[in-house]
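Please examine the sequence and the three-dimensional model together.

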Amino acid sequence: TPHPRAEGTPQGPNPPPCQPWKCQTVLTAPWGDTSLPPSVSSVATGEFLPPEALKEMKANLIKFLHFKYLAKELTSQVEILKKVLRDNQEHFPVVFSQASHCLELVCGVEVKEVDPREHIYIMVPNLGLTCDVMLSSGQSMPKAGLLVLILSLIMQNGDRAPEEKVWGALSRLGVCVGSVHCVFGEPRTLLTHVWVQEGYLEYRQVPYSYPARYEFLWGPRAYTETSKREVMAFLLRIKERASRAFPPLSAEAAREEDEAT
């Protein structure tokens, strides 16, 4: 049973107003097999794709893949082109890559190709974590991405992360204690009650601490379903993708940016 401390709120200044993660805001609208918001399929073949058009395509694809994940259905490149990109095949590689990366990073849902010849895909929980499988009626959002983040924070802090570091890291992502997040709900309840009861986390008082301080550790279920090696490999993969998407500035560009500021 979580310590009574879990019922309260962390001491210190009030957290800043919460902002939903950008990748997740597109997942909150309902989705259906044929119901699709206005697309940007009017972009002609070979024509430059404006950033807003790319953003809309990516948002539509993330919603579509999330719908398929909840329905436990496969999808294919043909279906995506027909229902999401509206046959804009020339944009498929970049849109599919970015949408898959966002879904994996934020929601902990990995898009795997099960038939390379026909380009058929399945969406599965990342790292084998089954915390999303237990969600009632499949109505809630996948939360494995947040769990992976917490597990990695614990690893980076010598296998026991002080709660103030955890709350601080989450607040910088717009997930704030005391505020109900549109995807994760109230984070203190999720971390100190739900995931503790499910065995993914341990939340306990630091021995001999006065005033009392608390910390998070991996729970037994986390050790059963994944491993530190898998979490580290996942983090390295995410870092690699981020470095490709946002290459470091050249010396000249960095100097210009400094002068501008």
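The model is predicted. Its description may begin with an open sheet of three strands, arranged in the order 1-3-2 with antiparallel pairing. Strand 1 (75–76) and strand 2 (109–115) are the edge strands, each of them pairing on one side only. Between strand 1 and strand 3 (residues 120–125), the antiparallel pairing comprises two bridges. T75 has Y121, in strand 3, as its bridge partner.

Two helices pack on this sheet. Helix 2 (residues 51–71) touches strand 1, strand 2 and strand 3, and its direction makes about 70° with that of strand 3. Helix 4 (residues 92–107) touches strand 2 and strand 3, with its direction at about 130° to that of strand 2.

Q77 belongs to helix 3 (residues 77–83). Is this residue, Q77, buried or exposed? The relative accessible area of Q77 is 14%, and because the cut-off for burial is under 20%, Q77 counts as buried. Leaving aside residues up to four places away in sequence, Q77 touches Q89, F92, H119 and Y121. Y121 is also the bridge partner of T75.

The largest nonpolar core contains 32 residues. Those with the most contacts inside this core are I150, V166, L170, L191, W195, L201 and F216. Two or more residues each come from helix 5 (144–156), helix 6 (163–172), helix 7 (187–197), strand 5 (201–205), strand 6 (214–218) and helix 9 (228–245). Helix 5 gives the most, with eight residues. For F216, the residues touched include I154, V166, W167, L191, L201 and Y203, and also D159, R160, E163 and E202, not counting residues up to four places away in sequence. Another core, of 22 residues, lies apart from the largest one; among its members are L81, C107, V109 and M123.

The last topic is a helix pair. Two packed helices are described by the angle between their axes and the distance between the axes. The axes of helix 6 and helix 7 come within 11 Å and cross at roughly 140°. Helix 6 is therefore oblique to helix 7, since only angles over 145 degrees would count as roughly antiparallel. The crossing of these two helices is right-handed. Helix 6 contributes E163, V166, W167 and L170 to the contact, while helix 7 contributes P187, R188, L191 and T192. Of these contact residues, V166, L170 and L191 are among those with the most contacts inside the largest core.

Key. Residues numbered from 1 in each chain as written. Predicted model: local features only at pLDDT ≥ 70, side-chain atom pairs only at ≥ 80, totals over all residues. Heavy atoms only, no water. Pairing = 2+ DSSP bridges. Helix = DSSP H or I, 4+ residues; strand = E, 2+ residues; numbered from the N terminus. Contact = heavy atoms within 4.5 Å. Axes fitted to C-alpha atoms, helices over the stretch in contact; angles between N-to-C directions. Buried < 20%, exposed > 50% of the residue type's maximum accessible area, 1.4 Å probe, protein only. Core = buried A, V, L, I, M, F, W, Y, C linked by side-chain atoms within 4.5 Å. Parallel < 35°, antiparallel > 145°, perpendicular 65-115°, else oblique. Left-handed = near helix turned anticlockwise from the far one by under 90°.
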